[in-house]
Amino acid sequence: MAEETYGFPSMKSDYRRWQEDHRRWRADIDAWQRQHESVVRELDQIHDLIREHGTAIATIDRTMAEHERSMAAHLEAMEAFEQGRGDARLNEDLARSHREHAERHARQADAQDRIRRHHEAVLERVSRLKEALLSAL
């Protein structure tokens, strides 16, 4: 295969074209760096939101444990009344307490459902993001 012969005008033209290529590439790289820094900041914000989600899970766990302790105490009071160790006043207190437990249980169920939906959405979106990033490599 024969080598291409270059003359000075051809070489100078190549050089100017290469310089223009480099200017465009530098502009691309500068834009990519700014975009990358922006994405890193956004991912930091996402990371913070995911940590807050973990805090919400820990909070509902503590709330659930308190709810379970309260239910156990309520059950003990009901059993004591059932075994005749209570009076009419205790029956009124049990009924009031039971209504409060029913309302609290409904709130707990709502909170549990909200956290579940949020958790599933977070996991699904993080998974899609990870898949998209891996497939782009």
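Reader: Which residue does arginine 96 form a salt bridge with?
Author: Arginine 96 pairs with glutamate 100. Their closest N and O atoms are 3.4 Å apart. Keep in mind that this is a predicted model.

Reader: Where do arginine 96 and glutamate 100 lie?
Author: Both are in helix α2. They sit 4 residues apart, about one turn of the helix.

Reader: Why does arginine 96 count as partly exposed?
Author: Arginine 96 has 39% relative accessibility, so it counts as partly exposed. The cut-offs put buried under 20% and exposed over 50%, with partly exposed in between.

Reader: And what about glutamate 100, what is its relative accessibility?
Author: Glutamate 100 comes to 43%, so it is partly exposed too.

Reader: How many salt bridges are there by this rule?
Author: The count is 10.

Reader: Give me another one. What does aspartate 113 form a salt bridge with?
Author: Arginine 116 is one partner, with the closest N and O atoms 3.1 Å apart. Arginine 117 also meets aspartate 113 in a salt bridge, at 2.2 Å from N to O.

Reader: How many residues separate arginine 117 from aspartate 113?
Author: They are 4 residues apart in helix α2, which means about one helical turn between them. Aspartate 113 and arginine 116 are also both in α2, 3 residues apart, again about one turn.

Reader: Which residues do salt bridges that share partners join into one network?
Author: Glu66, Arg69 and Arg104.

Reader: New topic: pockets. What volume does the largest pocket have?
Author: About 160 Å³.

Reader: Which residues line the largest pocket?
Author: The lining is His67, Met71, Ala72, His74, Leu75, Met78, His98, His101, Ala102 and His105.

Reader: How many of the lining residues are nonpolar, polar or charged?
Author: There are 5 nonpolar and 5 polar residues.

Reader: Which one gives the largest share of the pocket lining?
Author: α1 does, with 6 residues.

Reader: Now the surface. Which residues make the nonpolar patch?
Author: Val39, Leu43, Ile46, Ile50, Val126, Leu129 and Leu133 make it. The patch covers about 530 Å². The elements giving two or more residues to this patch are α1 and α2.

Reader: Where does the largest share of the nonpolar patch come from?
Author: From α1, with 4 residues.

Reader: Pick valine 126. Where is it found?
Author: Valine 126 is found in helix α2.

Reader: Why does valine 126 count as partly exposed?
Author: Its relative accessibility is 38%, so valine 126 falls in the partly exposed class. To join a patch, a residue needs over 30% relative accessible area and no salt bridge.

Note on methods:
Residues numbered from 1 in each chain as written. Predicted model: local features only at pLDDT ≥ 70, side-chain atom pairs only at ≥ 80, totals over all residues. Heavy atoms only, no water. 1 Å grid on protein atoms, 1.4 Å probe; cavity = no way out; pocket = protein on both sides within 12 Å on 5 of 7 lines; lining within 4 Å. Points joined across faces, edges and corners; volume = space filled by probe spheres on them. Nonpolar A, V, L, I, M, F, W, Y, C, P; charged D, E, K, R; others polar. Patch = residues over 30% accessible without salt bridge, like charges linked within 9 Å, V, L, I, M, F, W, Y side chains within 5 Å. Areas by Shrake-Rupley, 256 points an atom, 1.4 Å probe, with all protein chains shown as cover. Salt bridge = Lys/Arg side-chain N within 4 Å of Asp/Glu carboxyl O. Buried < 20%, exposed > 50% of the residue type's maximum accessible area, 1.4 Å probe, protein only.
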